[in-house]
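Dear colleague,

Please find the structure below, followed by a short account of what was found in it.

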Amino acid sequence: VEKVEVPAGTFEAYKIVFTNKYVVSNGFGSSKMGTVTDTWWYAPAVKNFVRRTYSDDGDSAGSGLIIRELLKYQIQ
């Protein structure tokens, strides 16, 4: 459990990390290797994740990093 600060506030959150290594072949003799890391911070107080990061170190098309954070919430 970690304390996470996002635009919607500060939350106690469970950190869940998924890591996967991969090799992709294009069928013409070349291949691409990489590692995907998907990290979620799940906060029971909002019943959802408050931050999520996704990185792919084999992504040559872009930055390879995506960050999502909770901006606001309302419990009903």
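In strand pairing, Ser55 stands opposite Leu65 in S5; strands are DSSP runs (E, at least two residues) numbered from the N terminus, and two strands pair if DSSP finds at least two bridges between them. S5 (residues 65-69) is antiparallel to S4, with five bridges. This is a predicted model, in which local features need pLDDT of at least 70 and side-chain atom pairs count only at pLDDT 80 or more, while totals for chains, interfaces and linings use all residues. Residues are numbered from 1 along each chain as its sequence is written, and side-chain values use heavy atoms, leaving out hydrogens and water.

Strand S4 (residues 48-56) also pairs with S3, in the antiparallel sense over eight bridges. Between these two strands lie four residues of a hairpin, where Lys47 takes a positive phi near 60 degrees.

The side chain of Asp38 makes a polar contact of 2.8 Å with that of Arg52 and another of 3.4 Å with that of Trp40. A polar contact is a pair of N or O atoms within 3.5 Å; within protein, one must be able to donate a hydrogen and the other to accept it, and residues adjacent in sequence count only if both atoms are side-chain atoms.

Tyr42, also placed in S3, stands opposite Phe49 in S4. Tyr42 is partly exposed, with a relative accessible area of 32%.

With kind regards

Conventions:
Buried means under 20% relative accessible area, exposed over 50%, partly exposed in between (1.4 Å probe, protein chains only).
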